[in-house]
Amino acid sequence: MKGGSSSPLPRPVVASVAFVSGFCIMTVEMLGARIMAPYFGGSVSVWGSIITVFMLALAVGYLLGGRLSMRNPNALVFASFYVSAALFSLPIILFADAIMRPIFLAVEDARYGSLLASIVMFSVPTTLLGMISPYSVRLLVESQEHSGQMAGLLFFVSTIGSAAGTLGTSFYFVLWFEVNRILWGAVTALLIAAAIILLAGYMRGSLSLRVSSHET
Amino acid sequence: MVISLFLLALAAPVAGEVIHQERSLYRDITVEQNGPRRCLIFNVHRGDRNQTCIDLNEPERLVFSYTRMSFAGLLLTPEPESILVAGLGGGSIPMTFGDLFPDALIDVVEIDPAVVSVAREFFLFEESANMHVHVNDARVFIKRAVLEGRKYDYIMLDAFTGDYIPEHLLTREFLDEVKQILNPDGVLVANTFSTSRLYDHESVTYQRVWNEFYNFKLPTSGNRIIITRDGALPPRGELVGAAQRLAESMEKYSIPLLEYPARMSTRVDWDMSRRVLTDQYSPGNLLRD
């Protein structure tokens with residue numbers, strides 16, 4: 001492992017995109033109840049389904065992201081988490097009714113219906129967003145003694161992002177915009193984050209360097 | 001802020017004697033007895049809202065203006081054979097329907113099982129061969145009714161307790177579903193909001209789905225009742241005639257039906273430029289102040 005500024009991305013870049021991912025996770029989660037209410041109602045169990053699925057998906061994401069971070073952590077893979085999370089969020093916007101209708105028809109009990117619908121709509125993008133956390137830690141960690149500090153910093157910014165996403169969505173966005181427009185906003189934010197990562201990686205030279213050095 | 005709210009809660013005067021109190025998943029439920037009058041109160045700490053009261057000496061008599069107003073739909077549909085009531089409360093609306101129309105099939109949908117048991121235990125609410133309570137979300141129940149092709153002659157929406165508004169029951173899509181389970185001669189009666197920006201949004205949404213509706217308000221009640229049906233509304237003269245025919249049978253419940261037609265208006269008194277509430281846009285709880 002190299003010392004000094006060998007980190008593939010500048011710290012402010014990693015911190016800002018971690019904020020964006022935290023923000024988007026909670027924006028989608030807050031909207032989840034609203035998206036599902038027309039089919040499964042507004043009962044406490046619908047919230048229970050959503051939160052359960054988000055927690056499980058994040059847990060799996062942490063595990064996978066940590067695993068992936070062991071092999072040549074680089075900006076390209078990091079950006080691909082954002083791009084794929086954005087892409088896998090699209091079905092929530094485009095096919096929510098097509099997903100929920102058959103589940104509503106097949107499952108009489110709204111608790112399991114909402115659980116199933118949550119799994120189908122939210123588990124993949126949330127897992128992908130969960131992968132970002134451990135991976136971003138790895139991108140910034142340059143020595144063992146700094147690892148806890150970097151992890152602390154990144155948990156801090158991404159959780160602040162989550163708080164901001166929760167508040168912004170529930171207090172303001174739903175008052176100003178339609179649900180799908182807010183979701184498009186989250187997708188756009190994730191794609192912009194990916195673009196920033198690629199640009200910063202390219203400028204630091206880590207992008208081409210890393211990829212080519214390992215391909216030879 | 002939190003502390004001052006807490007102190008306020010402690011200081012809130014509670015008239016009468018509290019005979020039952022429980023915290024359900026959805027609200028705090030208090031039952032209070034004051035002489036012969038027994039009241040169901042949701043979220044007492046927030047300012048003592050009576051949800052339903054009954055007079056134990058004359059349990060048929062409807063104590064609240066808005067509860068009585070809920071029967072104005074009979075002016076359009078005088079003999080419903082199937083009735084859906086969304087929101088149980090103390091159960092006085094379905095009990096009155098059951099008393100008035102013993103042969104009618106009555107479905108009651110209530111999301112909170114605690115409310116159902118409190119209504120049974122303290123408010124003389126009883127299911128019968130023709131009256132069934134379904135513990136479910138009204139939206140889900142109605143969506144299933146659409147699928148199964150069940151229809152009703154009288155649909156009463158009374159699911160707004162004033163504390164937290166179920167936003168998915170305010171939308172155009174929901175009202176479209178309600179429309180699908182309403183019989184051609186049936187009537188929809190909705191107990192809704194009379195104040196705040198929500199009044200405008202809700203009016204615009206009802207207008208979009210039903211074209212026109214009677215806006216029914218009384219000075220004795222803070223509620224606004226929307227009454228409508230699929231197709232054109234009858235002229236007021238017809239309502240007056242119906243009121244005269246039905247008035248006598250309503251006396252037992254203290255429903256002053258004869259006063260109602262004059263109070264039912266189709267005049268637009270809301271801001272028509274407000275956005276229609278949809279499943280995509282329904283911030284009801286943010287629009288209430």
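Tutor: Let's start with the names: helices and strands here are DSSP runs, helices of at least four residues and strands of at least two, numbered from the N terminus. Keep in mind that we are looking at a predicted model.

Student: Okay. Where in chain B does Asn211(B) lie?

Tutor: Asn211(B) sits in the loop between α7 (196–210) and β10 (214–217) of chain B. Its phi is positive, about 65 degrees, although Asn211(B) is not a glycine.

Student: And is Asn211(B) buried or exposed?

Tutor: To read that, count the other C-beta atoms within 10 Å: 20 or more means buried, 12 or fewer means exposed, and anything in between is partly exposed. Asn211(B) has 12, so it is exposed.

Student: What is phi like at Asn72(A)?

Tutor: Phi of Asn72(A) is near 45 degrees, again a positive value in a residue other than glycine. Asn72(A) is in the loop between α2 (44–68) and α3 (75–94) of chain A. Asn72(A) has 13 C-beta neighbours inside 10 Å, so it counts as partly exposed.

Student: Which residues of α3(A) are buried?

Tutor: Quite a list! Among them are Ala75(A), Val77(A), Phe78(A), Phe81(A), Tyr82(A), Ser89(A) and Ile92(A).

Student: Next, helix pairs. At what angle do α1(A) and α5(A) pack?

Tutor: The angle is taken between the N-to-C directions of the two axes. For α1(A) and helix α5 (residues 110–140) of chain A, the angle is about 180 degrees, with the axes 10 Å apart. Angles over 145 degrees count as roughly antiparallel, so α1(A) is roughly antiparallel to α5(A).

Student: Which residues make that contact?

Tutor: From α1(A), they include Val14(A), Ala18(A), Cys24(A), Ile25(A) and Phe40(A). From α5(A), they include Gly113(A), Phe122(A), Leu129(A), Ser136(A) and Leu140(A). By class, the contact has 14 nonpolar, seven polar and one charged residue.

Student: Let me pick Ser136(A). What does it touch?

Tutor: Leaving aside neighbours within four places in sequence, Ser136(A) is in contact with Val14(A), Ala18(A) and Leu154(A). Ser136(A) has 30 other C-beta atoms within 10 Å, so it is buried.

Student: How many residues of chain A are in contact with chain B?

Tutor: Chain A uses 15 residues, and they meet 14 residues of chain B. On the chain A side, α1 (11–40), α6 (144–176) and α7 (179–204) each supply at least two residues. α1(A) gives the most, with four. That side of chain A divides into 10 nonpolar, four polar and one charged residue.

Student: How is chain B divided into domains?

Tutor: Chain B has domain 1 (2–55) and domain 2 (65–283). Their C-alpha centres lie 25 Å apart. The contact takes 17 residues from domain 1 and 15 residues from domain 2 of chain B.

Student: Which elements of domain 1 of chain B face that contact?

Tutor: The ones giving two or more residues are β1 (17–23), β2 (28–34), β3 (37–42) and β4 (49–55) of chain B. β4(B) has the largest share, four residues. By class, this side of domain 1 has seven nonpolar, five polar and five charged residues.

Student: Which residues does Ser92(B) touch?

Tutor: Not counting residues up to four places away in sequence, Ser92(B) touches Thr52(B), Ile54(B), Leu62(B) and Thr67(B). Ser92(B) is in helix α3 (residues 92–100) of chain B. The C-alpha atoms of Ser92(B) and Leu62(B) are separated by 7.3 Å, though the two are 30 residues apart along the chain. With 27 other C-beta atoms within 10 Å, Ser92(B) is buried.

Student: One last stop: is Leu169(B) buried or exposed?

Tutor: Leu169(B) has 25 C-beta neighbours inside 10 Å, so it counts as buried. Leu169(B) is in a loop, between β8 (152–157) and α6 (172–180) of chain B. Leu169(B) and Asp279(B) are 110 residues apart in sequence and 9.2 Å apart in space, C-alpha to C-alpha.

How values were computed:
Residues numbered from 1 in each chain as written. Chains lettered and ligands numbered in written order. Predicted model: local features only at pLDDT ≥ 70, side-chain atom pairs only at ≥ 80, totals over all residues. Domains from an automatic or database assignment. Contact = placed C-beta atoms within 7 Å. Nonpolar A, V, L, I, M, F, W, Y, C, P; charged D, E, K, R; others polar. Axes fitted to C-alpha atoms, helices over the stretch in contact; angles between N-to-C directions. Parallel < 35°, antiparallel > 145°, perpendicular 65-115°, else oblique.
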